[in-house]
Amino acid sequence: MVEELAQADDAVAACVDDAVWALGDDELIAALDAAHRLEQRLAAVTLALVREIDGRGTARAQGASSTAVWLRERLRLTVPAARRLVDLAAALDTGNPGIRQALADGHITLDQARVITDTITTVHTSAGAQAADKAVGVLVDWAGQFDPMLLRKLGTRILDHVAPDIADAAAAAALEAEAARATRDRHLTVSEQTDGRLRLTGTLDVEAAALLRAAIDPLSAPAGPDDQRCAGQRRHDALADVCRLALRTGELPDSGGDPAQIVVTTSYDTLTRQLGDGALDIGLRLTPETVRRLACDAAILPAALGGTGQPLDLGRQRRLVTGPLRRALVLRDRGCAFPGCDRPPRWCDAHHIHHWADGGPTNLNNAVLLCGHHHRHIHHNDWTLRLGDDNHPEFIPPAWLDPDQLPRRNHYHRRT
């Protein structure tokens with residue numbers, strides 16, 4: 001298969017630099033159709049490979065917490081997109097073969113395959129295998145005319161066409177299935193942009209959507225006739241106000257043993273002189289004006305920083321990494337330090353590189369942040385952990401995974 005894919009890659013590469021401007025309209029449209037059909041066929045191959053990787057447990061064997069997380073790192077996907085890929089690969093492997101064949105033939109798109117798979121699962125549950133087989137043919141035909149969104153709407157009444165005697169009863173089951181899919185597909189992605197801002201994307205289920213609207217709608221109204229903010233800016237500010245309110249309650253769960261809080265690092269001298277900027281514990285920069293505004297309603301916690309910006313040991317020797325030492329560890333690692341992991345600090349434990357029970361000290365040079373999965377993985381597998389010359393964690397994989405055992409680092413939390 002690898003050889004055939006390499007040949008296909010060469011053929012596609014030969015088309016990249018072709019002068020498409022020289023094509024007539026009919027040729028241009030035909031080429032677009034052919035490229036689109038090829039994309040769907042390649043998607044079918046990708047799904048088969050993903051299914052085999054997931055079934056073998058390849059991702060977990062290499063230290064990832066799931067196949068979706070491994071695909072995020074390997075293929076540069078978002079975790080929700082990777083998870084949808086894994087789920088669809090499993091569904092096509094165990095479901096009606098006609099859907100997989102339609103995708104392999106280029107008759108349906110990846111998104112349409114996802115819709116048809118969901119719909120057929122409901123039909124099979126409601127009306128049995130024979131009705132499901134019929135429904136596949138109908139939905140594949142419809143896919144030639146309708147986009148995935150409309151196809152999903154039409155699919156809610158597919159039983160009118162393949163099993164009209166039970167259509168009404170099954171409509172209620174379909175509604176329940178749709179609610180279950182909404183629960184499964186709920187997600188929120190927080191992506192850091194190059195300028196330090198965050199981009200929020202995601203899908204809320206019905207209940208969470210209602211909660212969000214109830215929380216931010218009253219705060220999203222214009223503050224008065226002179227309010228020049230657009231609707232999107234007002235919603236942004238309302239969400240920030242809700243977060244401030246939640247933090248002020250003091251009722252949020254602890255984050256690594258400390259109360260939920262915003263940690264800003266700056267120099268006390270530059271703060272009092274109104275000159276210096278600051279850094280959040282998640283690595284984002286703040287303007288001097290923002291730092292001073294936050295300091296108006298904050299505790300000032302002293303932390304000594306080394307000449308290269310590395311926090312020094314902030315606490316006496318003890319077993320638990322809490323308080324200032326925990327904050328220093330968060331400033332250094334910014335999240336789970338295992339290569340490819342995106343878990344933030346609040347999800348992480350402080351792991352002793354040289355175990356405390358074996359005489360290891362509790363200080364910054366003997367600690368590293370690891371999420372629950374990778375904390376267990378390090379304790380039960382053959383990875384070696386150490387601090388590099390710059391005092392940042394690096395992980396040496398076992399020889400079976402990398403014969404050269406080249407050190408690896410997590411670049412997710414820090415731009416290289």
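In this predicted model, helix α4 (residues 67-75) packs against helix α5 (residues 79-94) at an angle of about 120°, and their axes are 8 Å apart. With angles over 145 degrees counted as roughly antiparallel and those from 65 to 115 as roughly perpendicular, α4 and α5 are therefore oblique to each other. The crossing of α4 past α5 is right-handed. On the α4 side, the contact is made by Thr67, Ala68, Leu71 and Arg72, and these meet Val79, Ala82, Arg83 and Val86 of α5. Sorted by class, the residues in this contact are five nonpolar, one polar and two charged.

Phi of Arg76 is near 60°, a positive value in a residue other than glycine. Most residues other than glycine have a negative phi. Arg76 has a relative accessible area of 65%, and because the cut-off for exposed is over 50%, Arg76 counts as exposed.

A positive phi is also found at Arg334, with a value of about 65° although Arg334 is not a glycine. Arg334 sits in the loop between α16 (323-333) and β6 (348-352). Its relative accessibility is 24%, so Arg334 counts as partly exposed.

Turning to the strands, β8 (residues 384-387) and β9 (residues 393-396) run antiparallel and are joined by four bridges. In one of the pairings, Arg386 has Glu394 of β9 as its bridge partner. The two strands, β8 and β9, form a hairpin with five residues between them, and Asn391 in the turn has a positive phi of about 70°. In a regular strand the side chains alternate between the two faces of the sheet. In β8, Leu385 and Leu387 make up the covered face, while Thr384 and Arg386 lie on the uncovered one.

Another loop, between α12 (206-216) and α13 (231-249), contains Ser220. The relative accessible area of Ser220 is 11%, which means that Ser220 is buried, since the limit for buried is under 20%. Beyond its neighbours within four places in sequence, Ser220 is in contact with Arg234, Arg235 and Ala238.

For the chain as a whole, the secondary structure comes to 17 helices and nine strands. Of the 416 residues in the chain, 32% are buried. Among contacts with a separation of 6 or more, 50% are between residues 24 or more positions apart.

Conventions: Residues are numbered from 1 along each chain as its sequence is written. This is a predicted model: local features need pLDDT of at least 70, side-chain atom pairs count only at pLDDT 80 or more; totals for chains, interfaces and linings use all residues. Side-chain values use heavy atoms; hydrogens and water are left out. Buried means under 20% relative accessible area, exposed over 50%, partly exposed in between (1.4 Å probe, protein chains only). Contact means heavy atoms within 4.5 Å. Two strands pair if DSSP finds at least two bridges between them. Axes are lines fitted to C-alpha atoms, for helices over the stretch in contact, and angles run from 0 to 180 degrees between N-to-C directions. Angles under 35 degrees count as roughly parallel, over 145 as roughly antiparallel, 65 to 115 as roughly perpendicular and the rest as oblique. A crossing is left-handed if the near helix is turned anticlockwise from the far one by less than a right angle, and right-handed if clockwise. Ala, Val, Leu, Ile, Met, Phe, Trp, Tyr, Cys and Pro count as nonpolar, Asp, Glu, Lys and Arg as charged, and the others, Gly among them, as polar.
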